[in-house]
Amino acid sequence: ISRHIHLPVQSGSDRILREMNRNYTRAQYLELIGYAKNTIEDVSFSSDIIVGFPGETQSDYEDTVSLVEEVGFKSLFTFIYSKREGTAAAKMDDDTPHSIKAKRLNELIAKQEAISSSLECRLVGTQRRVLITRALSDGSFEGRLDDNSCVTVIGQCTENRFEKVLITQYKNKRRALQEDERYISLDSARTATDDDSVLQEALGRYNLARINLNSEVSKETRDDARISELSTTIRDAYDEIMANQTMEIYNKAQTDVNSMINYINAIITASANGENPDAVEEPSGECSGSCESCDGCH
């Protein structure tokens, strides 16, 4: 039986939980966590957390951080709030700049990385039962502990069988990716777009015109003149956005990161198929306009 539970919490602030229409409080969530810890020996937890929900204050964010510290999650799936039209949250006031939301998210990820590293390091030097999930191209095997930790096993193993292994070391691969200069460049470019008032004004015109256009075309009686006016506004704003130098830098940084992610995914796919991952060509950095993650950088 797995000793790992994924229990989404979304926020550690009772006020934000109410705004999200979540039918539980921070105290109730922690009570459930406590019950699981007292009932299941060595149980671990993962969760989902949204940062930057409309109206989130620094105090609300700190409530989330303190909950993460109190629970001691094995891992977190963290996201910056993304507006979805048609939801109640889409109509809420949201005056927190993206740069602040990104800063909070990065702080939360760093906090969780420290917690995860501490938990994983405790396994070093212990013997554990591992479920072998697949063979890797270098002759080693990948497996899972009952707390959902992923391990690489050196030696002869059989897939879909349990093996007793000695944990000898811990490596944090994700931090290496986060510290890649391409990620850092993208983060700097994203902050620059937030601080570019001319760009933000054009983005505002573009988004408002799209919302109004969607509203117009859904009416029973169409106002063709109004639709034409909004379409022109959208095209003009789009051209202004794409010609903005700050946006050009951001798009280039985003392309570089997408290219790196595609390269990593290609290596993982090659390994899973028993192929030589070293044969995967590293991207040159030039966009061909044919990758899945963009549309010609437009």
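**Loops, helix pairs and cysteines in a predicted model**

With a disulfide taken as a pair of cysteine sulfur atoms within 2.5 Å, the count in this structure comes to zero disulfides. The model is predicted, so to speak of local features pLDDT of at least 70 is needed, and side-chain atom pairs count only at pLDDT 80 or more, while totals for chains, interfaces and linings use all residues. Residues are numbered from 1 along each chain as its sequence is written, and side-chain values use heavy atoms, with hydrogens and water left out.

Helices (H or I, at least four residues) and strands (E, at least two) are DSSP runs, numbered from the N terminus. The protein chain has 298 residues, of which 33% count as buried. Contact here means heavy atoms within 4.5 Å. Among contacts in the protein chain with a separation of 6 or more, 69% come from residues 24 or more positions apart.

Two packed helices are described by the angle between their axes and the distance between the axes. Axes are lines fitted to C-alpha atoms, for helices over the stretch in contact, and angles run from 0 to 180 degrees between N-to-C directions. The axes of helix 3 (residues 58-71) and helix 4 (residues 98-121) cross at roughly 15° and come within 10 Å. Helix 3 is therefore roughly parallel to helix 4, given that angles under 35 degrees count as roughly parallel, over 145 as roughly antiparallel, 65 to 115 as roughly perpendicular and the rest as oblique. Their crossing is right-handed; a crossing is left-handed if the near helix is turned anticlockwise from the far one by less than a right angle, and right-handed if clockwise. In this pair, Gln58, Tyr61, Val65, Val68 and Glu69 of helix 3 meet residues of helix 4 including Arg104, Leu108 and Ile115.

For helix 7 (residues 197-217) and helix 8 (residues 224-243), the axes come within 9 Å and cross at roughly 150°. Helix 7 is therefore roughly antiparallel to helix 8. The crossing of helix 7 and helix 8 is left-handed. Among the residues making the contact are Leu199, Tyr206 and Leu213 of helix 7 and Ile227, Ile234 and Tyr238 of helix 8.

Several loop residues complete the picture. Aspartate 147 sits in the loop between strand 5 (141-144) and strand 6 (150-153) and counts as buried because its relative accessibility is 10%. Beyond its neighbours within four places in sequence, aspartate 147 is in contact with Arg3, His4, Ser44, Lys74 and Leu123.

Glutamine 10, in the loop between strand 1 (4-6) and helix 1 (14-19), is not a glycine, yet has a positive phi of about 75°. Glutamine 10 is buried, at 9% relative accessibility. Asparagine 160 also has a positive phi, of about 65°, although it is not a glycine. Asparagine 160 lies in the loop between strand 6 and strand 7 (162-166) and is exposed, at 61% relative accessibility.

Definitions and conventions. Buried < 20%, exposed > 50% of the residue type's maximum accessible area, 1.4 Å probe, protein only.
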